[in-house]
Amino acid sequence: MPDPGTLDSVDVAILRILQADGRIANKDLAAQVGVAPSTCLDRVARLKRLGVIIGYTATVSPEAVGRSVQAMLAVQLQPHARPLIDPFVKHVQSLPETVALHHVTGGSDFMVHVACHSTGDLQRLVLDEYTSRREVGRVETHLIFSTWAGGPVLPPP
C-alpha cells in the first residue's frame with residue numbers, strides 16, 4: 001500500500017469524485033479536478049496500480065430485488081480458532097443473503113450484514129445456515145431499520 005503522504009490534492013479530489021460517481025466520464029472528471037484528460041487518465045491508472053482504487057461496483061437496492069429485511073448478525077465461533085475461520089468465511093460468502101462480512105474484535109467474532117426476503121427467511125437463514133454449524137456458538141440478530149452511507153474514504157489530513 002502506498003504511503004498516504006504520496007497522494008496529493010488532485011489524487012484526493014479524484015478519489016472523492018469517483019466514490020460519489022464511479023461512472024463519471026474521464027473528461028468530466030478531469031474538468032472537475034482541473035487537469036487535462038490525459039493527466040487524469042494517468043492519475044486514475046496510477047491509483048489503480050498502487051492499490052488505492054480496487055474496483056468499481058453498482059449499488060443495488062435490496063428492497064428493489066425483494067430483500068426488504070436486513071439485519072446484522074453478530075456471530076461467535078466456539079472456539080475462535082484459525083482452522084475454523086476460513087471454512088466459516090467461505091460458507092458465509094456463498095450465501096446469497098450475505099451483503100458484507102466483517103471479522104471483528106469484542107464479544108463477537110464476525111458481523112454479517114444480510115438481506116432477506118422476509119422475517120421467516122431471516123429465521124431460516126439463522127437456524128439452517130448459522131446455528132446448525134458446529135463451530136457457531138452464538139448468533140445475535142439485529143434488525144436494520146435504516147442505513148446511511150458514509151465516506152468518501154480519503155487519506156487522513
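Two residues are taken to be in contact when heavy atoms of theirs lie within 4.5 Å. The structure described here is a predicted model.

The chain contains 5 helices and 4 strands. Read from the N terminus, these elements follow the order α-α-α-β-α-β-β-α-β. The radius of gyration is 20 Å, well over the 15 Å that the globule rule gives for 157 residues, so the chain is more spread out than a compact globule. The C-alpha trace spans about 55 × 35 × 25 Å along its principal axes. Of the 157 residues, 31% are buried. The chain exposes about 10,000 Å², and carbon and sulfur atoms supply 55% of that area. Among contacts with a separation of 6 or more, 64% are accounted for by residues 24 or more positions apart.

The domain assignment divides the chain into domain 1, residues 9–50, and domain 2, residues 62–144. A distance of 36 Å separates the C-alpha centres of domain 1 and domain 2. In UniProt, an unreviewed entry places the feature "domain: HTH asnC-type" at residues 7–68. In the model, the span 7–68 is 53% helix and 0% strand, and its end C-alpha atoms lie 39 Å apart.

Helix H2 comprises residues 26–33, and Leu29, Ala30 and Val33 are buried in this helix. These residues cover an arc of only 100° around the axis, which puts them on the same side of H2. Lys27, Ala31 and Gln32 are exposed and sit on the face of H2 turned away from its buried side. Gly34 follows H2 and has a positive phi, near 80°. As background, most residues other than glycine have a negative phi.

Gln19 belongs to helix H1. With a relative accessible area of 40%, Gln19 is partly exposed, a class that lies between the buried limit of 20% and the exposed limit of 50%. When residues up to four places away in sequence are not counted, Gln19 touches Pro152, Val153 and Leu154. For the pair Gln19 and Pro152, the C-alpha to C-alpha distance is 6.1 Å, while the separation in sequence is 133 residues. Pro152 is placed in the segment after strand S4, which covers residues 136–143.

Pro152 also takes part in a cis peptide bond. The bond joins Gly151 and Pro152, with omega about 5°. A cis peptide bond also joins Gln78 and Pro79, where omega is about -10°. Pro79 is located in the loop between strand S1 (69–77) and helix H4. In general, most peptide bonds are trans.

Helix H4 spans residues 82–94 and includes His91. The relative accessibility of His91 is 16%, and this residue counts as buried, since the limit for burial is under 20%. Apart from neighbours within four places in sequence, His91 is in contact with Glu129 and Arg133.

In strand S1, Met72 was examined in more detail. Met72 has a relative accessibility of 22% and counts as partly exposed. Residues up to four places away in sequence aside, Met72 touches Met111, Val112, His113, Glu140, Thr141, His142 and Ile144. The C-alpha atoms of Met72 and Leu101 are 9.6 Å apart, and the two residues are separated by 29 residues along the chain.

Thr59 is located in the loop between H3 and S1. This residue is exposed, its relative accessible area being 78%. Between the C-alpha atoms of Thr59 and Phe145 the distance is 18 Å, for a separation of 86 residues along the chain.

Terms used:
Residues numbered from 1 in each chain as written. Predicted model: local features only at pLDDT ≥ 70, side-chain atom pairs only at ≥ 80, totals over all residues. Heavy atoms only, no water. Domains from an automatic or database assignment. UniProt positions renumbered as here; feature names shortened; annotations may be inferred. Helix = DSSP H or I, 4+ residues; strand = E, 2+ residues; numbered from the N terminus. Rg over C-alpha atoms; globule rule 2.2 N^0.38 Å. Buried < 20%, exposed > 50% of the residue type's maximum accessible area, 1.4 Å probe, protein only. Areas by Shrake-Rupley, 256 points an atom, 1.4 Å probe, with all protein chains shown as cover. Arc of directions from axis to C-beta.
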